[in-house]
Amino acid sequence: RRLIAIRNIISDLNTRADEDQAAFLAFVATHEVSVFDRKGHIHWQGSEAQKLAKVDIKDGKFKGKGSYRAMYSLREEYHESFDFDIFSDKIRQEIKTGKYLHTLKVKGKLHKAS
């Protein structure tokens with residue numbers, strides 16, 4: 001009896017998963033992806049400012065603590081999309097992520113998708 005009950009539960013849950021997936025796909029088809037975050041700012045991930053910031057960091061235009069303001073004043077794209085506080089937080093995160101990925105690469109643990 002218990003085995004049959006468990007099979008019924010699993011069957012119901014699998015059916016529910018299929019229904020949830022269908023509902024999700026219907027939602028995605030009818031709703032555009034928002035380009036703004038919950039505070040009304042453009043998303044950093046994939047933005048033109050992020051691409052330019054990565055290039056600037058790689059080219060050595062970021063010289064460490066206190067140079068966020070200098071980097072912020074380099075390009076108009078930074079001003080157009082983000083205020084200084086948000087920009088400096090995003091740059092700090094980019095640098096931390098870069099250091100983390102470098103550490104993983106050195107230790108040989110970097111996943112191929114990263």
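Let's start with Arg16 and Asp20, whose side chains meet in a salt bridge with an N to O distance of 3.4 Å. Both residues belong to helix α1 (residues 2–30), where they sit four residues apart, about one turn of the helix. Asp20 is partly exposed, with a relative accessible area of 39%. Keep in mind that this is a predicted model.

## The other salt bridges

The structure holds three salt bridges. Asp89 and Arg92 form one of them, at 2.9 Å from N to O. This pair lies within helix α5, its members three residues apart, again about one turn of the helix. Asp89 is partly exposed at 46% relative accessible area, and Arg92 is partly exposed at 33%.

Asp56 pairs with Arg75, their closest N and O atoms being 2.9 Å apart. Asp56 counts as buried, with 0% relative accessibility, while Arg75 counts as partly exposed at 23%.

## How α2 meets α5

Helix α2 (residues 48–58) also packs against helix α5 (residues 84–107): their axes come within 11 Å and cross at roughly 55 degrees. The two helices are therefore oblique to each other, and the crossing is right-handed.

On the α2 side, the contact is made by Gln50, Ala53, Lys54 and Ile57, and on the α5 side by Ile91, Glu94 and Ile95. By type, the contact residues comprise four nonpolar, one polar and two charged.

Terms used
Residues numbered from 1 in each chain as written. Predicted model: local features only at pLDDT ≥ 70, side-chain atom pairs only at ≥ 80, totals over all residues. Heavy atoms only, no water. Axes fitted to C-alpha atoms, helices over the stretch in contact; angles between N-to-C directions. Parallel < 35°, antiparallel > 145°, perpendicular 65-115°, else oblique. Left-handed = near helix turned anticlockwise from the far one by under 90°. Contact = heavy atoms within 4.5 Å. Nonpolar A, V, L, I, M, F, W, Y, C, P; charged D, E, K, R; others polar. Salt bridge = Lys/Arg side-chain N within 4 Å of Asp/Glu carboxyl O. Buried < 20%, exposed > 50% of the residue type's maximum accessible area, 1.4 Å probe, protein only.
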